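Me: I have a model open and would like to go through it piece by piece. Could you help me read it?
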Amino acid sequence: MAGTALTKEPSAEKCQERCAATHGCHYFSYWHNGSCSLSSIRSYALRVKGEHGTVVAGPRSCSTVVPSIKTNAPELGASLEEAMDIPSWRVHETDDCEGRHKKYSLEWKAQGDTFFDEWQFLTKSYTHGSEWYLNRTEAFRLGLVRPSESGSILRVGDVTHFFKRHSVMLHSAQAWRPDKGFLVVMKYNHVPYGVGIWPSFWTVNSDYTWPMGGEMDILEYANDEAARVSFHTDRNCHLNAKKMDACMNKEGVTPAEATNCNTNYPANLMGCIPRQVKRTGKWYAENPGVIAMAWDASRIAVYHIPEAEIPADLESDEPEPNSWDRWLTAYLPFDAETCFDIAKPQEIVLTVALCGDAAGGPWANVESAKATGWEPDYCWPGHITEPATDCCTKYMTDPDKEQQIKSTSYFDIDYVKVFEPAGEALPKYAAGTFRNGGENMNYPCLPCGSQVFLPSGQSSGGDKCCPGCGSGKMTWDDAGKGGTKICPSKQEYLQMLRNITDAMARGSADDAELVLGSES
C-alpha cells in the first residue's frame, strides 16, 4: 500500500494491529517468515500456492464498534467481476406497459443487524453543500448509523469544522445490469425532510464520468419541494411520449417536464423528467411503505406501495412488478431509435446532502426558509460557493437549530433489496467506486495492455487504467513535456501479483512493486 513498507512482525495478530493503526489500511497479509503487508480497500484476494507455506490474511479488525456489526470496508473484492466489457445497452420494447420479466428473485439485501455490511461509506462531496461525509468507522462511532432488526437509522450529526455538519453517503459495493433487468426495493419507516435537507435514493454508474454511465433518481427532493423522478445520460435519448402518456393515464399525474434524457446543466439540458405522481418529502415520511424501481431493456417503472398494501409476492421475496400498476408513480419507456448505450451497471446510493446546489441554491425562493430567520441582511441567499455568507449554510450550522434539523433529518429503513429476473444466473459486478477505492473512474479509462502519452498540464481524465490491471506505471520524458502511462495486460498483472507474493514470502519484495501490485 502506498506510503507503507513490508515489515517483519512476530505474529499475524501484530500484523493486523499494524493495519488497524495505519490510515487507509483495510486488509493485512502475514507470511510464515514474519513478513507483514498492508493493503487498501482496492486490494484483491489471491490464493497462494507453492513452497512458501500458508499466508494469514484478513480485515484490519475482527472486533467491532457495535456488536455483530462490521466496521471495516465490504470484503467482496474477490467475488465481484469488473463491469467494463459488457454489451452495450439496447432497447427491447414490449407491446404493452409491462416490463420484460414477469417474476424476480432475491439476489442482494441490506437488512437488520447486517444492514451496513455491504455498503461503502464515501466521503467526497461534489454538490457544494455543508455536509461533511463520514467514513464507516466514524459514522458508527458518532452514531450517525445504527443497524437494527426494527429499522436501521442513517441520520445527520453534529456541526463540525467550519460551516459543515456530519452526514453519511452510502454506495453499494455491488452493481447491477439494467440491460438484463433488476428491481431495487426500499421498505422505509421514515425519510429525511426539512429546510436545507437534500436526501436522495438513486442509482448511478461510476466507471465513467457522470452522466456517461447513466443515473436514475428514484427519490430526490430538497427543502419543501415535491420529489422528482428523473433519468440522466450523456446523449440525446428520448422517452416514447405516446407510450408514456398511455401507461401513466391516471389521476394525480403531472405532465412530463422533459423527454430528452441528455444531461448538460450549463446547456440547460436537465435530463428526462417523465409524467409522474409528485409528493413532498414530508408526505413520504408520514406515509411509510415501499419505494421500488424496476429497470429493464424496455423501460423504468417507479412505485410507492403503502405499508398496509405491500403485496404477498414482495413479502415472499418473489416480486412480480408487472402486477403493481395501481402503485405506479413514474414510467419511463425508452425510444428504440434514439436510446443506445445509455446506461452501464448501476450501484445504489443513499445519502443526506445539506444545502448546496439543490437546497441552498434556491434559498431565496423557498417559503419554509423564511421562517428560519436566515435572510438578507444577515446572509446572502444562494451564495453556496462562499459558505461564510450563504444563508442555508448559516442556518445548517446554527447551534439554536440543532433540534429542528435533527428531528426530521434521518432515514429509518427496514431493508433495501435487489432482485434479478428469476431463472437467470448473472455474474456479480463490482461498483465502479468499489473497484476504484471510493472515487469515480475517469473516462475513458485506459484499456489493460495499452499505453498513452499524456502531455504536461493535461486536465484529469484518461489517466487511469481500467479495472483489472492495477494502477499502472508512469514514465516521464527528460524534456518535461509529459509522460507515458503504461497499463499492463490482465495476464501480466496477475503474473506480477504472483511474483510479488512469492517475493514477499521470501522477504525480498521491492516496496515500489508492492504499491503497484497490491491495488487495482
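Me: Which strands do the buried residues of helix 1 pack against?
Reply: They pack against strand 1, strand 2, strand 3 and strand 4. Please keep in mind that this is a predicted model.

Me: And which residues of helix 1 are buried?
Reply: The buried residues in helix 1 are A12, C15, Q16, R18 and C19. They cover an arc of only 155° around the axis, so they lie on the same side of helix 1.

Me: What about the four strands, in what order do they sit?
Reply: They form an open sheet in the order 1-3-2-4, with antiparallel pairing. Strand 1 (7-8) and strand 4 (55-59) are the edge strands, each pairing on one side only. Helix 1, which spans residues 12-20, packs on this sheet and touches strand 1, strand 2, strand 3 and strand 4. The direction of helix 1 makes about 150° with that of strand 2.

Me: How many bridges join strand 2 to strand 3?
Reply: Four bridges join strand 2 (residues 27-31) to strand 3 (residues 35-39), and the two run antiparallel. Within this pairing, S29 has S37 of strand 3 as its bridge partner.

Me: Changing topic: is strand 25 buried or exposed?
Reply: Strand 25 covers residues 347-354, and eight of its eight residues are buried, so the strand is largely enclosed by the rest of the structure.

Me: Which of its residues point one way, and which the other?
Reply: E347, V349, T351 and A353 point one way from strand 25, while I348, L350, V352 and L354 point the other way. The residues on both sides are all buried.

Me: Which strands does strand 25 pair with?
Reply: One of its partners is strand 15 (residues 197-204), joined to strand 25 by eight bridges in an antiparallel arrangement. There, P199 has V352 of strand 25 as its bridge partner. Strand 12 (residues 169-172) also pairs with strand 25 in the antiparallel sense, over three bridges.

Me: Last one: how many residues are in the largest nonpolar core?
Reply: The largest nonpolar core has 71 residues. Those with the most contacts inside it are W119, M216, F231, W295, F334 and V416. A second, separate core has 21 residues, including L183, V185, V253 and I310. In soluble globular proteins, nonpolar side chains tend to be buried together.

Note on methods: Residues numbered from 1 in each chain as written. Predicted model: local features only at pLDDT ≥ 70, side-chain atom pairs only at ≥ 80, totals over all residues. Heavy atoms only, no water. Buried < 20%, exposed > 50% of the residue type's maximum accessible area, 1.4 Å probe, protein only. Pairing = 2+ DSSP bridges. Contact = heavy atoms within 4.5 Å. Axes fitted to C-alpha atoms, helices over the stretch in contact; angles between N-to-C directions. Core = buried A, V, L, I, M, F, W, Y, C linked by side-chain atoms within 4.5 Å. Arc of directions from axis to C-beta.
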